[in-house]
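Work through the exercises below with the sequence and the coordinates at hand. Each task is followed by a solution in steps.

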Amino acid sequence: MKTFRDDFLWGGAIAANQTEGAWDTDGKGPNIADVCENGIISGPDETIKPTAYYPSHDAIDFYHRYPDDLKLMSGMGFNAFRLSISWARIFPTGEELEPNESGLKYYDDMLQQMIRLGMKPIITISHYETPLNLAKKYGGWESKQLIPLYLRYAKVLFDRFGKYTKYWMTFNEINGIHLIPWAAGAITLTGSEDHQLNQIYQASHNMFVATAKTIQMAREIIPDEQIGIMLTMSNAAAYPATPKPEDVFQTLEYQRRTFLYGDVELRGHYPAYFNRIVEEHHLSLDITDEELDLISRYTADYLAFSYYRTTTFASGMKILGDTGGLTGIKNPYLPTSAWGWQIDPAGLRYVLNILSDRYEKPMMIVENGLGVIDEVDEDGHIHDEERMRYLADHLKAVQEAIADGCDVIGYTWWAPIDVISAGTGEMKKRYGFIYVDKQNDGSGSLNRSLKDSYFLYKSIIKSNGENLLRYTTDELVAKYLTANDVETDPL
Ligand code: BGP
């Protein structure tokens, strides 16, 4: 059976605003995440409240602890690491003519350390971290004035860090703008539903143009560059609730809310079904022929996406969403996490196949993971069986998809170390293989310790996924459940 390629990128993914802390250190300006007291779902505060606790302001102090944290990552055998650069560390208001050298130096040191430890950086240029000034002054990505400012920022990154890596992506979960417009587009929706859709599609278009121009620029600066787009796949990972034709077609319409982004940025043009959306919602978008030409000429090199769960749709139902994507009705065939996210490894194979058929591009799964409440036992160990099952089952599904013919080039688990939740600002919702002693109220020593899943992932990486073929998930979990106690690799 065809399996993971020899140069498969194995690693983990984090974002600056959920890990670094040091939110106003060394010249960094405020960004859109800094004003969200309880995560991005509940939205931003008008200004930073002096007496309130903002969990992301100190996060897990990765800013100061990255040398040791990266060593723990490389201990798992990572050969890749996805991180974001915090735009406001480089351009504090987004409008300076010259970058902030302290911010650049911080990332320069960190990237060098990463490379020394054998990890290829995979860089997200903007991960819910637009400088706050750009949201307030221009209304975020609804304004085309952000395009040249983003390009100035991207150019500084390519000039300085292009020598360290060829793997970049322009915007985290760009299609998440439908669900979390503040985070994904730095916009605040106002007025009627049609007006809000207008804002969403104008901002999306402006980010399409920024992406195309970024790709154009990267091709001049970085040899052999790989510039990806990054989408949340929950809309595409959608099942109709019944075989009723209305359920089936409406599911397709929800899937198209994601496909549109891939269609434009990978195929290079707006799809025909977009015309009907424009017409029925009376959209009036500022899209020029010159921009359409750029979009058609500079399409992305690969498709990166996040995948946490699938969604089930029934026609006419009201759809809600969060950081994991859309939420439809409960699928009776799937288990559900403590945060209500339905766990569906087979859905990952389905999504990879759909995307492979549609785009025929290399794909990178840059976020996949499970947020759970971890229990620390009296010996200080964390036997995180649920996370281990999720990991093994999803990687087995990826392996099946590769055997189906999908070109999957990498997998970066979200998040290899416990981080602040993007959606709710909690610490309690833990994703890591590495435990961070920090609680929701900010208390804790910030000490790091290894969960059982750390050793399972390490063994999977070491065998380049071969042990996934040889052992069942039950066997793998049984072998690594006590892995904290063993010196040698039990497999
Ligand atoms: C994605 C974001 C990540 C991450 C993840 C999990 O939408 O790209 O930043 O946080 O969701 O969501 P949460 O942290 O809310 O559990």
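**Exercise 1. State which cavity the ligand takes up, and describe its shell.**

Step 1. The ligand takes up the space of the largest cavity. A cavity here is a set of points, on a 1 Å grid over the protein atoms alone, where a 1.4 Å probe fits but cannot get out. The model is predicted: local features need pLDDT of at least 70 and side-chain atom pairs pLDDT 80 or more, while totals for chains, interfaces and linings use all residues. Residues are numbered from 1 along each chain as its sequence is written, and side-chain values use heavy atoms, with hydrogens and water left out.

Step 2. There are 15 residues around the ligand, and those that come nearest are Gln18, Glu173, Thr323, Lys429 and Tyr431. A residue is near if one of its heavy atoms lies within 4 Å of the molecule.

Step 3. Sorted by class, the shell holds six nonpolar, six polar and three charged residues.

**Exercise 2. Is aspartate 34 buried or exposed, and what does its side chain contact?**

Step 1. Aspartate 34 sits in the loop between helix H1 (16-19) and helix H2 (55-58).

Step 2. Its relative accessible area is 3%, so aspartate 34 is buried. The cut-offs are under 20% for buried, over 50% for exposed, and partly exposed in between (1.4 Å probe, protein chains only).

Step 3. A polar atom of the aspartate 34 side chain is 2.8 Å from the backbone nitrogen of asparagine 31.

**Exercise 3. Classify isoleucine 287 and relate it to histidine 205.**

Step 1. Isoleucine 287 belongs to the loop between helix H11 (273-280) and helix H12 (289-297).

Step 2. Isoleucine 287 counts as partly exposed because its relative accessibility is 27%.

Step 3. Histidine 205 is 82 residues away along the chain, yet the two C-alpha atoms are separated by 7.5 Å.

**Exercise 4. How many residues of helix H15 are buried?**

Step 1. H15 covers residues 452-462, and nine of its 11 residues are buried.

Step 2. Among them are Asp452, Tyr454, Phe455 and Ile461.

Step 3. After H15 comes asparagine 464, with a positive phi near 50°.

Definitions and conventions. On a 1 Å grid over the protein atoms alone, a cavity is a set of points where a 1.4 Å probe fits but cannot get out, and a pocket is an open set with protein on both sides within 12 Å along at least five of seven lines; lining residues have an atom within 4 Å of a point. A molecule sits in a cavity or pocket if more than half of its atoms lie within 2 Å of its grid points. Ala, Val, Leu, Ile, Met, Phe, Trp, Tyr, Cys and Pro count as nonpolar, Asp, Glu, Lys and Arg as charged, and the others, Gly among them, as polar. Helices (H or I, at least four residues) and strands (E, at least two) are DSSP runs, numbered from the N terminus. A polar contact is a pair of N or O atoms within 3.5 Å; within protein, one must be able to donate a hydrogen and the other to accept it, and residues adjacent in sequence count only if both atoms are side-chain atoms.
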